[in-house]
Amino acid sequence: MLIAAQKQATGAVKNELEKWLSAHDYIPKEKIAAVTAIYDKLSIKAICEKKMDEYYSLALKNLAEISVDNNKKTPLKELAEKLMKRNK
């Protein structure tokens, strides 16, 4: 998420993010709240979820192309689905 925020941020938002990232003396709750607010402003969660979906689709496509009995692929597919649906 941080990398996406650093790529997306510009101007005052970028300065604010850099300020918090370089801070050495801070109250953790304040830093977490500030950085989370920046992530929200930049729609970082949506960007990361889109990327997750892309990798998930690619992984399933690649798994389907492997010449192994489908029954042997089922546990891996179930694990991947479980990971995608878990609460973060």
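**Helix pairs, salt bridges and a nonpolar patch**

Reader: How many residues apart in helix H2 (residues 11–22) are Glu16 and Lys19?

Author: Glu16 and Lys19 are separated by about one helical turn of H2, where helices (H or I, at least four residues) and strands (E, at least two) are DSSP runs numbered from the N terminus. The model is a predicted one, in which local features need pLDDT of at least 70 and side-chain atom pairs count only at pLDDT 80 or more, while totals for chains, interfaces and linings use all residues. Residues are numbered from 1 along each chain as its sequence is written, and side-chain values use heavy atoms, with hydrogens and water left out. Within helix H2, the spacing between Glu16 and Lys19 is three residues.

Reader: At what N to O distance do the side chains of Glu16 and Lys19 meet in a salt bridge?

Author: Side chains of opposite charge can pair when their charged atoms come close. A salt bridge here is a side-chain nitrogen of Lys or Arg within 4 Å of a carboxyl oxygen of Asp or Glu, and by this rule the count comes to four. Both partners are partly exposed, Glu16 at 30% relative accessibility and Lys19 at 45%, a class that lies between buried (under 20% relative accessible area) and exposed (over 50%), with a 1.4 Å probe and protein chains only. The N to O distance between Glu16 and Lys19 is 3.7 Å.

Reader: Is Lys85, which meets Glu81 in a salt bridge, buried or exposed?

Author: Glu81 and Lys85 are four residues apart in helix H5, and therefore separated by about one helical turn, with a salt bridge of 2.9 Å, N to O, between their side chains. Glu81 is partly exposed, with a relative accessible area of 35%. Lys85, at 62% relative accessibility, counts as exposed.

Reader: How are H4 and H5 oriented to each other?

Author: The axes of helix H4 (residues 44–65) and H5 come within 11 Å and cross at roughly 175°, each axis being a line fitted to C-alpha atoms over the stretch in contact, with angles from 0 to 180 degrees between N-to-C directions. Residues in contact (heavy atoms within 4.5 Å) include Met52, Tyr56 and Leu60 in H4, and Leu76, Ala80 and Met84 in H5. Angles under 35 degrees count as roughly parallel, over 145 as roughly antiparallel, 65 to 115 as roughly perpendicular and the rest as oblique. H4 and H5 are therefore roughly antiparallel.

Reader: About what area has the nonpolar surface patch made by Leu76, Leu79 and Leu83?

Author: Patches are made of residues with over 30% relative accessible area and no salt bridge, like charges being joined within 9 Å and nonpolar side chains (Val, Leu, Ile, Met, Phe, Trp, Tyr) within 5 Å. Accessible areas come from the Shrake-Rupley method with a 1.4 Å probe, and for residues only the protein chains shown count as cover. Leu83 has its place in helix H5 (residues 70–85) and is partly exposed at 42% relative accessibility. The patch made by Leu76, Leu79 and Leu83 has an area of about 270 Å².
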